[in-house]
Amino acid sequence: MSEKESVILVTGGAGYIGSHTVRMLAEQAGRRVVVLDNLVFGHREALISPGVELVEADMADARSVAEVFGRYQVDAVVHFAAFCYVGESVTEPLKYYQNNTAAPLTVLAAMRESGCDKFIFSSTCATYGDPVEVPMSESHPQNPINPYGRSKLMLEQILADCERAYGIRSVRLRYFNACGCSLDGRIGEDHDPETHLIPNVLRAVLGETGPMTVFGTDYPTPDGTCIRDYIHVEDLASAHVRALEYLEGGGATTACNLGTGKGASVREIIEAAERVTGKEVPVRYGERREGDPPELVANAAFARETLDWEAKIVDLDQIIGSAWAWMTGERKGHY
Ligand code: UFG
């Protein structure tokens, strides 16, 4: 019997952060990648690297998952597949617990069965809940304030149990605000519906949506709008590659914040978008959005020490420029 081919399995690899990571794994780290994605939110067209295989299936479908583990030797799982709308998670909590917490158990069971012991998890700063201190380190209390954050925290806890029982090691990567598009403009951010700030600002500039709404101008921040730590998607992708190498090198289970350590307000994002596009952003000022804390900024020191990783694309104009280039270029042809 021939030996099985070794692969990295990426769930949700056709999604926004997943597709950038798949591309980096395949094109820069030289890995053989198999993507498991049901294409509910993912885009087949976002898988542009030669040699990447797409298995179009839901991770909750044990038969499809078993098939992948039967066909390949899965060396590690990089897990992105999840729903990510905080507001929807409040009105449809079961949908979030099913997809974000329960469905990955199928993958973990297949890992246990096959002896695969490395799991990289797309977690979130939403697992911390309202900040008691800013910047937030990994030891910040985890008290999520919505089902989205809880659905991700539960999987973090399940992973801790799986390590104790089955020896599955994991890196839980707690993203702050993912943003931007690939620097060569070939793949990008395409959510439907779109709720995130930067694409909404740029779509307003393009006249696709009417004016964008600034949610609240009375926050206790210097200019009254919320502050977030915007971390470029290619930096997120490289952190996953580093996390994989860390586990392959025998690293112990850990959790790392992925942010720049620097906050930007909603007004600062709008100003940067005006510089980048050379156009005025049509804006209306509205009420606060429920559940938005005034300020979320990462203490990113631990990721630097542990993964030898830090954000490189930190200039707001470059970040927004990458999103603008994609929205006005490739997006039209690809999506
Ligand atoms: N905002 C606006 N107008 C908009 C969209 C956003 O003013 O049209 C403001 C928000 O109020 C917030 C900031 O811009 O202050 C950023 O909002 P995003 O919706 O872009 O992102 P969030 O900060 O809500 O991100 C959160 C968590 C992440 C989580 C993500 C899920 O911080 O951990 O939601 O999509 F992953």
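Glu 310 is partly exposed, at 42% relative accessibility; partly exposed is the range between buried, under 20% relative accessible area, and exposed, over 50% (1.4 Å probe, protein chains only). The structure is a predicted model, in which local features need pLDDT of at least 70 and side-chain atom pairs count only at pLDDT 80 or more, while totals for chains, interfaces and linings use all residues. Residues are numbered from 1 along each chain as its sequence is written, and side-chain values use heavy atoms, with hydrogens and water left out.

**Salt bridges**

- Glu 310 forms a salt bridge with Arg 304, and the closest N and O atoms are 3.7 Å apart; a salt bridge is a side-chain nitrogen of Lys or Arg within 4 Å of a carboxyl oxygen of Asp or Glu.
- Arg 304 is partly exposed, at 41% relative accessibility.
- The whole structure holds 20 salt bridges.
- One of them joins the side chains of Glu 53 and Arg 71, at 3.0 Å from N to O.
- Glu 53 belongs to strand 3 (residues 53–56) and Arg 71 to helix 2 (residues 62–71), so this pair ties together parts that are 18 residues apart in sequence. Helices (H or I, at least four residues) and strands (E, at least two) are DSSP runs, numbered from the N terminus.
- Both partners are partly exposed: Glu 53 has 21% relative accessibility, and Arg 71 has 40%.
- Glu 53 and Arg 71 also belong to a network of salt bridges that links them with Glu 5 and Arg 32.
- Another salt bridge connects the side chains of Asp 218 and Arg 288, at 2.9 Å from N to O.
- This pair links distant parts of the chain, 70 residues apart: Asp 218 is in the loop between strand 8 and strand 9 (227–228), and Arg 288 is in the loop between strand 13 (283–286) and strand 14 (295–296).
- Asp 218 is exposed, with a relative accessible area of 53%, whereas Arg 288 is partly exposed, with 42%.

**Residues around the ligand**

- There are 22 residues around the ligand, and Thr 124, Thr 213, Arg 228, Arg 289 and Asp 292 come nearest; a residue is near a molecule if one of its heavy atoms lies within 4 Å of it.
- By type, this shell has 13 nonpolar, 6 polar and 3 charged residues. Ala, Val, Leu, Ile, Met, Phe, Trp, Tyr, Cys and Pro count as nonpolar, Asp, Glu, Lys and Arg as charged, and the others, Gly among them, as polar.
- Helix 7 (197–205) and strand 8 (212–215) each supply at least two residues of the shell, and strand 8 gives the most, with 4 residues.
- Domain 1 (5–178 + 231–258) and domain 2 (197–229 + 261–328) each provide at least three residues of the shell; the domain bounds come from an automatic or database domain assignment.

**Atoms close to ligand oxygens**

- A backbone N or O atom of Cys 84 lies 2.9 Å from an oxygen atom of the ligand.
- A polar backbone atom of Phe 215 is 2.9 Å from an oxygen atom of the ligand.
- In Arg 228, an N or O atom of the side chain is 2.8 Å from an oxygen atom of the ligand.
- The ligand has 680 Å² of accessible area on its own, and the protein covers 91% of that area; accessible areas come from the Shrake-Rupley method with a 1.4 Å probe.

**A buried residue**

- Leu 153 lies in helix 6 (residues 147–166) and is buried, at 9% relative accessibility.
- Leu 153 and Ala 103 are 50 residues apart in sequence and 14 Å apart in space, C-alpha to C-alpha.

Conventions:
A polar contact is a pair of N or O atoms within 3.5 Å; within protein, one must be able to donate a hydrogen and the other to accept it, and residues adjacent in sequence count only if both atoms are side-chain atoms.
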